[in-house]
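Colleague: Please take one part of this model and describe its packing closely, with the cut-off behind each term that you use.

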Amino acid sequence: MADQLIRATAAEGGIRAVGVITTRLVEEARQRHKLSYVATAALGRTMSSGLLLASNMKRAESRVNIRIIGSGPLGGILVDAGLDGTVRGYVDNPEVELPPNSKGKLDVGGAVGSDGYLYVVRDVGYGYPYSSTVELVSGEIGEDVAHYLMTSEQTPSALVVGVFVGAQGVTASGGILLQVLPKAASDEALVQTLESRIASLTGFTPLLQAGKTLAEIFEQLLGDMGLQILPEIQMVRFHCSCSPDRFLGALKILGEAELLDMIEKDDGAEATCHFCGEVYQASRDELAQLIGDLKAGS
Ligand code: ZN
């Protein structure tokens, strides 16, 4: 199934549900960054979380950045996701691999580390971005993002994210976010229902793997609670905003002396985009052109 995001409501608008399938875009991230299995799972879960968090923003250009800094060998994770359905991200140490955990699953919590912080920055498209930090709960990412939503955004939320990756690459990846909206937030029974429903969904990734659609999974979760699935299906994809022009623009900011140094010592310049792994090169002629532009004041 194509990568996509769908929205739904239930309990007469008291519950908001969002589901996302990210199988292809996480596979693209795996290939671009040469991610190990556990790094694929960690980044994939964070990418799905980013898209889910961005999905309730208002302005088209809104974006969410999730940064996770844990004590584990994977180092940091950074994901940038937009309401427009684009997402990109990377981990500091993509080659780290760990043995399976005690449940026989990829040890994402061990790779990320349970000591550390989760930072979320919401850029609403104008003014200062809104940022907030919480301590990690387990490093398993789903729990950590849910904890963030409960404590920082004070929205009772249940979230599940999962990635299935093996020798054939990523075969299932996605997530579901259920939230109790403010008008129903004092309804304790509703909040507990959500938590028990999502807890019953431990098999989310296997359901995706088995070819279930998001609509079918929503039906299973909320079908008896007045589920209404919104008709719009939004496509989501891996996309990075870097470009050759941006690379040259960044070089120009370094100034004439630095550019001359690059021409003399390196015969050009090269840089790799952290977010997507794209490699950019500038020849000595292009660097000389930039110096010319700087001298001409353009
Ligand atoms: Zn890039």
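This is a predicted model: local features need pLDDT of at least 70, side-chain atom pairs count only at pLDDT 80 or more; totals for chains, interfaces and linings use all residues.

Modeller: Leaving aside residues up to four places away in sequence, Thr 46 touches Ile 66, Ile 68, Ile 77, Val 79 and Ile 141, where contact means heavy atoms within 4.5 Å. Thr 46 is found in helix α2 (helices are DSSP runs of H or I with at least four residues, strands are E runs of at least two, and both are numbered from the N terminus).

Residues are numbered from 1 along each chain as its sequence is written, and side-chain values use heavy atoms, with hydrogens and water left out.

Ile 77, one of the residues that Thr 46 touches, is also among those with the most contacts inside the largest nonpolar core, together with Met 47, Leu 74, Val 112 and Leu 118. This core has 54 residues (buried Ala, Val, Leu, Ile, Met, Phe, Trp, Tyr and Cys joined through side-chain atoms within 4.5 Å). Helix α2, residues 37-54, provides the largest share of this core, namely 10 residues. Because domain 1 (4-238) and domain 2 (244-296) both give residues to the core, it lies between them; the domain bounds come from an automatic or database assignment.

For Leu 74, again not counting residues up to four places away in sequence, the residues touched are Ala 39, Ala 42, Val 91, Asp 92, Asn 93, Val 96, Ala 111 and Val 112. There is also a second, separate core of 28 residues, which includes Ala 8, Ala 158, Leu 194 and Met 225.

A search of the whole structure finds one cavity of 30 Å³ or more (points on a 1 Å grid over the protein atoms alone where a 1.4 Å probe fits but cannot get out, lined by residues with an atom within 4 Å of a point). The largest cavity holds about 30 Å³ of space, the volume being that filled by probe spheres set on the points, which are joined across faces, edges and corners. Its lining consists of Leu 5, Arg 7, Leu 51, Ala 54, Ser 55, Gly 82, Leu 83, Gly 85 and Gln 234.

Definitions and conventions:
Buried means under 20% relative accessible area, exposed over 50%, partly exposed in between (1.4 Å probe, protein chains only). On a 1 Å grid over the protein atoms alone, a cavity is a set of points where a 1.4 Å probe fits but cannot get out, and a pocket is an open set with protein on both sides within 12 Å along at least five of seven lines; lining residues have an atom within 4 Å of a point.
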